[in-house]
Amino acid sequence: MTYDILCAGFPCQPFSKAGAQDGLDDPELGELYKDILKVVRQHNPRYLILENVPNLEKHDKGKTWEHIEERLRHEGYDVKLGKFSPHDFGIPQVRQRVYIVASTGSLKDFEWPQPTKGKTSVELYLTKNPKDAREVPDQVNKCLAVWQEFLNQVPAEEKIPHPLWSMEFGATYPYEETTPIKMSLDALRKFRGSHGQPLSKATDIENLLKFLPSHARRDQSKFPDWKIDYIRKNREFYQRHKKWLDKWIPKIKEFPSSLQKLEWNCQGEKDRRIKQYIIQMRPSGVRVKRRTTAPSLVAMTATQVPIIAWENRYMTPRECARLQSMNGRNGLKFLPESDTKAYEALGNAINVKVAALVAEKLVGKATAGPNGHQSPQRIPLLVRAGQKVYTRESA
């Protein structure tokens with residue numbers, strides 16, 4: 001079987017900033033891009049469109065992308081890489097992804113689609129108080145109430161650290177020149193760990209981990225500069241507001257580590273009422289965003305589905321589909337019946353409109369390849385989401 005275009009994605013976990021970033025060394029997922037190369041060698045498609053997380057380009061100081069690009073060029077393809085998010089094209093979802101286009105012909109005259117950069121609003125994609133929406137559970141609302149108490153006490157002129165790591169409030173362990181894991185237990189005993197807990201309570205190195213923030217437990221000789229900067233800003237914030245923070249800390253300690261962190265993406269807003277915004281409970285923290293854009297849909301669990309806080313509910317699968325530009329007459333036709341599976345599929349998907357724009361630019365601009373085929377004017381576009389396949393016509 002032969003065909004003109006191959007649209008594919010390979011696992012992003014080894015390259016994502018949210019993971020261990022083992023890259024091509026990941027024993028299970030790191031080299032699955034080679035399966036795409038096997039298909040390429042077997043069928044020699046005229047065009048390729050590949051997608052992954054934006055960190056793929058810079059992973060391992062750019063060496064990962066250099067390796068993959070070299071392999072594609074070795075197979076006889078001209079290659080280009082670009083980064084786009086749906087919100088670049090008027091769709092209210094921040095979901096930046098790397099798009100890799102390749103052609104057996106020259107891409108010298110290829111031009112990426114031009115972002116429109118217009119104003120966006122999530123509310124235009126929502127149904128008001130839908131009957132099938134899941135309510136936010138009491139435990140989550142309790143956590144949000146604790147964070148609201150925090151926001152109420154931060155002075156209006158004070159910038160909230162981003163990200164805010166409450167575990168650094170009261171911590172004194174060394175972090176600039178070394179890491180706690182590389183220090184002896186005796187040397188650490190005079191310092192304090194997460195939320196100011198005395199490290200002298202640790203009975204051994206393994207037990208020590210319970211007293212350290214999760215971001216300080218990796219076995220590394222030195223923290224990266226970005227982490228050092230985050231820790232410093234959080235500790236400085238604590239010193240400025242120690243008096244009231246010491247009374248607040250016991251309340252946030254009741255929740256899991258991921259909920260002890262805050263990503264306040266509403267800097268400059270006078271209204272700090274958390275229930276006025278869109279919220280997402282992520283491993284990196286409680287993410288709060290303006291109503292202009294939704295956070296990136298993820299495929300992990302249903303608990304990470306965006307929360308429409310002013311209606312005290314989660315976003316529905318139908319609304320998530322709209323954010324993936326699957327909002328046409330048959331846009332939900334192939335979604336799994338289970339909401340959990342539907343959220344997973346949509347979190348794994350790429351945005352249909354963005355993919356279509358890239359594909360149309362590629363097909364319209366690439367020159368004829370060695371086999372003499374001319375660029376077709378319009379081709380079906382396949383987008384894989386989980387175990388389902390969406391076509392442009394059905395979306």
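Student: Which residues does Arg235 touch, not counting residues up to four places away in sequence?

Tutor: Arg235 touches Glu168, Ala171, Thr172, Tyr173 and Tyr175, where contact means heavy atoms within 4.5 Å. This is a predicted model in which local features need pLDDT of at least 70, side-chain atom pairs count only at pLDDT 80 or more, and totals for chains, interfaces and linings use all residues. Residues are numbered from 1 along each chain as its sequence is written, and side-chain values use heavy atoms, with hydrogens and water left out.

Student: Why is Arg235 called buried?

Tutor: Its relative accessibility is 13%, so Arg235 counts as buried. Buried means under 20% relative accessible area, exposed over 50%, and partly exposed in between (1.4 Å probe, protein chains only).

Student: What makes the pair of Arg291 and Glu123 a salt bridge?

Tutor: A salt bridge requires a side-chain nitrogen of Lys or Arg within 4 Å of a carboxyl oxygen of Asp or Glu. The side chains of Arg291 and Glu123 meet at 3.1 Å, N to O, and therefore form a salt bridge. Arg291 lies in the loop between strand 8 and strand 9, and Glu123 in the loop between strand 4 and helix 3, so the pair ties together parts 168 residues apart in sequence. Helices (H or I, at least four residues) and strands (E, at least two) are DSSP runs, numbered from the N terminus.

Student: Why is Arg291 called partly exposed?

Tutor: Arg291 has 22% relative accessibility and therefore counts as partly exposed.
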